[in-house]
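This report goes through selected local features of one protein chain.

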Amino acid sequence: MTVERIVVSDGAAGPYGLTVGPDGALWFTLVHAGEVGRLAADGTVTRYGLDAPGCAPAVITAGPDGALWFTRTGDHRIGRITVDGQTRSYPLPAEGGPYGIAAGPDGALWFTELNADRIGRITVDGEVTEHPLPVSGGYPSMITAGPDGALWFTLNQGGAVGRITVDGEVTLHPLPTEGAAPVGIARGGDALWFVEIGAGRIGRITVAGEVTEHPLPDRAARPHAIAAGPDGRLWFTEWGAGRIGSLTPDGRYAGHPLPVEGAEPHGIAVTRDGAVHAALEIGEIVRLAP
C-alpha cells in the first residue's frame with residue numbers, strides 16, 4: 001500500500017477522532033486545541049474553533065441530519081457542526097465525561113459517559129436521555145450501531161462488551177481475557193469487532209454474545225480504534241507501535257508501519273474507495289491506499 005502524510009495541525013493540537021462526513025470529506029477532532037477540522041479530497045484543511053478551547057473534542061461521527069456530531073469530554077457537552085462550519089453544543093445533566101458517539105437506528109445519537117457508567121441518547125433537537133449501566137467503574141468507551149438494531153459498546157475497565165436496545169435494555173458480555181481493556185468497536189458483517197488495548201488482541205462478538213479473540217503478533221501494540229472496510233477487512237490503529245493493522249474476517253493479520261517516529265495513531269476511518277485514514281497525534285492524517 002502507498003502511504004501519504006497530510007499535515008493538518010501542529011503537534012500540540014492533537015488530531016484524535018476521525019470520520020467520513022456526508023460531504024465526502026474527512027472530519028476530525030483536535031482534542032488539545034478545542035477545534036474540529038475538515039480535510040477535503042483535494043487536501044485543503046479547514047479548522048473550526050469551538051466556544052471553549054478546553055472542551056477536549058474526542059470522538060466524531062456523521063449524524064442522521066447531515067451534520068457531524070462529537071463528544072466534548074472536557075466540558076461534558078455534545079457538539080454539532082454542519083458541513084459549512086456552523087457549530088453548537090448541548091450540555092449533559094451531569095459531568096459524565098462523554099467519549100464515544102454513534103448514530104443509532106432510531107434517528108438519534110448515542111454516546112458513552114466514561115466517568116458515570118451511563119449510556120446517553122441525544123436527539124437531533126438536543127433532547128438528552130441517560131441510561132445507567134449495571135456496573136461500577138466500567139468506563140464505557142466506544143459505541144457503534146450493530147446489525148441487530150441495538151447499540152454495542154465497550155467497557156474498558158469492566159472487561160466486557162455491552163449491548164443496549166433503543167428502549168434502554170442493557171446486556172453485558174464479559175470477555176474471556178483478563179485485563180483486555182477493550183476500547184474501539186465497529187460493525188463488521190453480521191457481528192461486532194473490537195480491540196483489546198490491554199491484551200493486544202482483536203475480538204469478534206456475535207449478536208448472541210459469542211466471543212472469538214485473535215492475538216496480534218505484537219502483544220504490546222495497544223490497538224485503539226477499529227473500522228471495517230468495504231471488502232470486510234477490519235482496520236485498526238496500533239497506538240503503541242506506530243502502525244496500522246488489518247485483519248481479515250477469518251483472522252489473517254497484516255501490519256503497516258507508519259513512516260514517522262512517535263506517530264501515535266488514534267482515530268481511523270475507511271472511505272468508499274477502500275483508502276484507510278488515521279489521525280496521528282503528531283498533527284497529521286495518514287492515508288493508506290492500495
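## Alanine 254

Alanine 254 has a relative accessible area of 25% and is partly exposed, because that class lies between the buried limit of under 20% and the exposed limit of over 50%. The model is a predicted one. Alanine 254 belongs to strand β25, which covers residues 253–257.

With neighbours within four places in sequence left aside, the contacts of alanine 254 are Ile244, Gly245 and Ser246. Arginine 272 is 18 residues from alanine 254 along the chain, and the C-alpha atoms of the two are separated by 20 Å.

## Histidine 173

Histidine 173 sits in strand β17, residues 170–174. Its relative accessibility is 14%, so histidine 173 counts as buried, the limit being under 20%.

Residues up to four places away in sequence are not counted in the following list. Histidine 173 touches Trp152, Ala160 and Val161, and also Ile205, Ala208 and Gly209.

## The four-stranded sheet

Four strands form an open sheet in the order β1-β28-β27-β26, and their pairing is antiparallel. The edge positions are taken by β1 (2–7) and β26 (265–270); each has a single partner strand, so one side of each has no neighbour in the sheet. From one strand to the next, the twist averages 20°.

Strand β28 spans residues 284–289 and runs antiparallel to β1, with six bridges joining the two. Within this pairing, valine 7 is opposite glutamate 284 of β28. In general, strands of a sheet pair through backbone hydrogen bonds, in either a parallel or an antiparallel manner.

## Aromatic pairs

Over the whole structure, a search returns four aromatic pairs. One of them is formed by tryptophan 69 and tyrosine 90: the ring centres are 5.9 Å apart and the planes are at 10°, so the pair is stacked. The cut-off for stacking is an angle of under 30 degrees between planes, and the centres must lie within 6.5 Å for rings to pair.

Tryptophan 69 is in strand β7 (residues 68–72), whereas tyrosine 90 is in strand β9 (residues 87–91), so the pair ties together parts of the chain that are 21 residues apart in sequence. Tryptophan 69 and tyrosine 90 are both buried.

Conventions
Residues numbered from 1 in each chain as written. Predicted model: local features only at pLDDT ≥ 70, side-chain atom pairs only at ≥ 80, totals over all residues. Heavy atoms only, no water. Pairing = 2+ DSSP bridges. Axes fitted to C-alpha atoms, helices over the stretch in contact; angles between N-to-C directions. Buried < 20%, exposed > 50% of the residue type's maximum accessible area, 1.4 Å probe, protein only. Contact = heavy atoms within 4.5 Å. Phe/Tyr/Trp six-rings, centres within 6.5 Å; stacked < 30°, edge-to-face > 60°.
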